[in-house]
2 protein chains.
Amino acid sequence: MSARGRSTSDSVRVTADIVIFTIRDDALQVLLVRRGIPPFEGAWAIPGGFVLPDESLDDAARRELREETGVEDVWLEQLYTFGEPGRDPRGRVITVAYFALISPDRAPPLAGSDAAEASWFPADRTPRPLAFDHEAILATALDRLRGKLTYTSIGFELLPKKFTLSQLQRVHEAILGESLDKRNFRKRIDALGIVRPLDESVSAGAGRPAQLFAFRRPKTGH
Amino acid sequence: MSARGRSTSDSVRVTADIVIFTIRDDALQVLLVRRGIPPFEGAWAIPGGFVLPDESLDDAARRELREETGVEDVWLEQLYTFGEPGRDPRGRVITVAYFALISPDRAPPLAGSDAAEASWFPADRTPRPLAFDHEAILATALDRLRGKLTYTSIGFELLPKKFTLSQLQRVHEAILGESLDKRNFRKRIDALGIVRPLDESVSAGAGRPAQLFAFRRPKTGH
DNA sequence: TAAATAGTGTCTCTTAGACAATATTAT
DNA sequence: ATAATATTGTCTAAGAGACACTATTTA
C-alpha cells in the first residue's frame, strides 16, 4: 500500500470468482459454467468475472452470484486470492475467490441468465481439467468449508428455513464424506443450542414423520 | 476469471502489504513504517508495495518483507484481500494482505534499508489513525493469529530455535492477552508432542536454570 | 406385517481446567 | 536466608465417541 516501491504496470486485471455450493441428491455439489470462448474454450470453470471500476470485491462477488443463480442474501465469504503470473494466458489476472452456500430450495435447477451453459457437479467429481487454476480454487474452498463445518453452524446455510435433524445430518455427512452416529450428532446439535423445534412435522414417504426445526441464530454472523 | 462480464478498467493496481509480528519485551509487536509522501504523509502504515508485473503475490510479499526487515524464510501467510473502491485516494488499489512472524533473534532492532522510518509498536497500542484502512488489516491479522494459536503450533515461529517452556508460555500469553496456568500449559504442549528437550539449560539471572527445547516439526506446514 | 424412517440414553475415555508444593539457582 | 525462576501431579467436569432398541408411519 505504501507509495514506496516500484510502480506496477497498469494492466493488472482483477476478477471475483465464486465457488457456489449446494446440496442436491444428498451430495455436496458445485456450480460450474462451460466456457464459450478462449482461453480454455469448452472447459468447465468456476463462475466469475471482472471487478468493475467502482465496485467493491464483495459487491462484485454478490453481483456475479446474482447473475449466475439469481439468488441474493446467501452465505458469501472471501476465500483466498490467486495471483500466479502465468495463470491466465491473456495476461496478468488476479482472482479473488469467494465461496457461497445456497440452500436447495433456492438453488436454480440450472443456471441463470448469464451463463451460456452451466451445471451442478458433485464437488469431488467435477470434470477435469477445469479451466485456469480452478481446481486449486475448488480444493481450497472444500478445505475451508469442511474446516468451518466442525466449529461453526455453517451447515444451516445449505438447508431451507425449516428442516429435520436427519436432513441436517445428511448435509454434514455429504460435506465431510463420512457417516455420523445419529445419537451423537443430535446430542451435539442440541448442546450447541442453535436449533429450535417447531410445531410441525413432515413425513417423507414411508417412515415416522420427522419434526421440523428452525435455525436459532447464535451470537456471531460471519 | 471467465471472459464473460464487462471488462474492467486497466487502472487497477495491486499491492502486497505485510503485517509483521514479533515478540519484544514479552509483548506482541508489529512493524509500522512512517509514510514520507502523500497520501497520508506522516502517518504510520503497514509496510508493503506494488506487485510487480511478473511476480506472484507470495513473491511480492516475500520481497517486501526482505526489503523491510532483511529476513527470509519466516512464516508468511496470506491473510485477506482488501478492495473497497475508496480506500486509496490515488485510485483503485487492491491490497492482498499477508502476515509474517519473525522470531526476536532475527528481527532487526529497527527497519531495513527500504523504509524512511520504521518502528515496532505493541500490536494493541499502535498510533492512530493508521494510513488507509490499515487498522482493519491489522485487526484482521490479530484475529487470525489468535485463532491459529489455539489449534496450531504457530507460536514457535516467534521464538529462536532453542527456547524454554517459559518463553513459549510468555509468547502465548502475549498474543492471547491473558495469563495461562503453567502446569496446564506444559501439559498441553507435551500432549501435542511437538517439542523435543535438548541437553542444555540456560539460567536467566536468578532462579533455577531452564531446560532448552527445540520445535519438533509436526505433520503439517502451512 | 414388513419396510422405512425418526427418536432416544448410558457408559467410557479423553480433554480442559482448577489448584500448591518442591527444586535450583543468584544475591 | 531470601528472592527469583523452573518443574511437577491430581482431581473434577465437560465433551466425544461407541453402542441398540423403540416409535410411527406407508405400502
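How many bridges join β5(A) to strand β6 of chain A? The count is seven, and the two strands run antiparallel. Keep in mind as you explore that this is a predicted model.

**A buried strand in chain A**

- Start with strand β5 of chain A, which covers residues 75-82.
- Seven of its eight residues are buried, so β5(A) is largely enclosed by the rest of the structure. Here, buried means a relative accessible area under 20%.
- The partner strand, β6(A), spans residues 93-101.
- To see one pairing up close, look for Q78(A), whose bridge partner in β6(A) is Y98(A).

**A three-stranded sheet in chain B**

- Now move to chain B, where three strands form an open sheet in the order β8-β10-β9, with antiparallel pairing.
- Strands β8 (162-163) and β9 (195-202) of chain B stand at the edges; each has a single partner strand, so one side of each is left without a neighbour in the sheet.
- Two bridges join β8(B) to β10(B), the strand made of residues 210-215.
- A handy pair to find here is K162(B) and A214(B): K162(B) stands opposite A214(B) in β10(B).

**Cis peptide bonds**

- In chain A, the peptide bond from R128(A) to P129(A) is cis, with omega near -5°.
- You can find P129(A) in the loop between β7 (118-122) and α2 (134-151) of chain A.
- In chain B, a cis peptide bond joins R128(B) and P129(B), and omega is about -5°.
- P129(B) sits in the loop between β7 (118-122) and α2 (134-151) of chain B.

**Positive phi angles away from glycine**

- D25(A) is not a glycine, yet its phi is positive, at about 55°.
- Look for D25(A) in the loop between β1 (13-24) and β2 (27-34) of chain A.
- Is D25(A) buried or exposed? D25(A) is exposed, with a relative accessible area of 72%.
- In chain B, D73(B) is another residue that is not a glycine but has a positive phi, about 55°.
- D73(B) lies in the loop between α1 (57-69) and β5 (75-82) of chain B.
- D73(B) counts as exposed because its relative accessibility is 72%, and the cut-off for exposed is over 50%.

Note on methods
Residues are numbered from 1 along each chain as its sequence is written. Chains are lettered from A and ligands numbered from 1 in the order in which they are written. This is a predicted model: local features need pLDDT of at least 70, side-chain atom pairs count only at pLDDT 80 or more; totals for chains, interfaces and linings use all residues. Side-chain values use heavy atoms; hydrogens and water are left out. Two strands pair if DSSP finds at least two bridges between them. Helices (H or I, at least four residues) and strands (E, at least two) are DSSP runs, numbered from the N terminus. Buried means under 20% relative accessible area, exposed over 50%, partly exposed in between (1.4 Å probe, protein chains only).
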